[in-house]
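Reader: Please show me the model, and then I will ask about it.

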Amino acid sequence: NWSSKDQKLKLIKDIREQVGNNKVICGLSGGVDSSVVAQLLSKAIGKKLICIFVNNGLLRKNEEKQVVNTFKKKLKINLIYVNAEKEFINKLIKVSDPEKKRKIIGNLFIKIFERYAKKIKNVKFLAQGTLYPDLIESKSVTGSQTSKIKSHHNVGGLPKKMKLKLVEPLKFLFKDEVRKLGLELNLSKDIISRHPFPGPGLAIRMPGIITYEKIKILKEADFYFIKALKEYGLYHKIWQAYAALLPVKTVGVMGDNRTYEHICLLRAITSEDGMTADFFDFPRGFMQLISNQIINNIRGINRVVYDVTSKPPSTIELE
Ligand code: XMP
């Protein structure tokens, strides 16, 4: 009877044996996997773990504050917070090609991570939240369908030239086991059961060119959507949900005035593993409510549409 507690103790013991007295760095994204890795390593080696969290300016509203609050202030983990918002957005401005966006963000993340990692003396190890399915996927000859279609970016995408040995404590676990382990490690349910969020963040939820203005609008739309899902008890029934900003303006009317603003697309799906997905069937009342909230509270959007495609033929993200 292999409990989460046994699991935790075994992993902590293994980590201590592997890294000894050496320092370990870890890219923290705030997602489930990297959060569990960071907390597990912190329990195992304390301040010899140094986490690096890069704000690329494409995170959800207040995400960077929440990550710093949880990991640095509450959990007392050694955390370097890098605000690279301007660096990312300046590189992305005027870029509209989806693959170019992904490449720019992925490469810049690695560059910035290395820049900060180099400043830490005597690091021997890099911790990553690789899961068992990732391991199988990267070993298969064809690769997953997703990885062929889009170049994926995540905190695991760091190059071999860093010459660090890998610590991958979750590499034999499935997602549900990682979640149980996270709860055993006293991470909040908020962190453990969050929806996946892609490495390139809001950039791939904003087809067309990226501007500061669009990012601002999209952060707000996403904020209202996720907040409403939580308030109405729908968040945990959904595998992933987000708002996107379409590069199309349409005419509307507000009060006595004609408006000409962007379309906000909402997507919410059910899925087992993200490889296939179906759209979530919202009650009409909820759709009406969220549409009103978004349009009444956010300047720059005058129409809300719901994506009713499954995957395949669509992907979960828009780019
Ligand atoms: P798609 O759009 O390919 O997305 O159906 C499948 C799942 O993967 C997430 N996703 C990413 N995750 N880095 C990530 O860590 C990425 O570059 C990336 N692109 C997509 C997406 O949010 C969905 O959960």
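Reader: Which residues in α10 meet α11?
Author: This is a predicted model, in which local features need pLDDT of at least 70 and side-chain atom pairs count only at pLDDT 80 or more, while totals for chains, interfaces and linings use all residues. Residues are numbered from 1 along each chain as its sequence is written. Helices are DSSP runs (H or I, at least four residues), numbered from the N terminus, and two residues are in contact if their C-beta atoms, placed from the backbone, lie within 7 Å. Facing Leu289, Ile290, Gln293, Ile294 and Asn297 of α11, the residues in α10 are Ala221, Tyr224, Phe225 and Ala228.

Reader: How do the residues of this contact divide into nonpolar, polar and charged?
Author: Ala, Val, Leu, Ile, Met, Phe, Trp, Tyr, Cys and Pro count as nonpolar, Asp, Glu, Lys and Arg as charged, and the others, Gly among them, as polar. The contact of α10 with α11 has seven nonpolar, two polar and no charged residues.

Reader: At what angle do the axes of α10 and α11 cross?
Author: Axes are lines fitted to C-alpha atoms, for helices over the stretch in contact, and angles run from 0 to 180 degrees between N-to-C directions. The axes of α10 (residues 212–231) and α11 (residues 284–297) come within 10 Å, and their crossing angle is roughly 150°.

Reader: Are these helices roughly parallel or roughly antiparallel?
Author: Angles under 35 degrees count as roughly parallel, over 145 as roughly antiparallel, 65 to 115 as roughly perpendicular and the rest as oblique. The crossing is at roughly 150°. That makes α10, relative to α11, roughly antiparallel.

Reader: What separates the centres of domain 1 and domain 2?
Author: The bounds, from an automatic or database domain assignment, are 4–192 for domain 1 and 211–306 for domain 2. Taken over C-alpha atoms, the centres are separated by 28 Å.

Notes: Helices (H or I, at least four residues) and strands (E, at least two) are DSSP runs, numbered from the N terminus.
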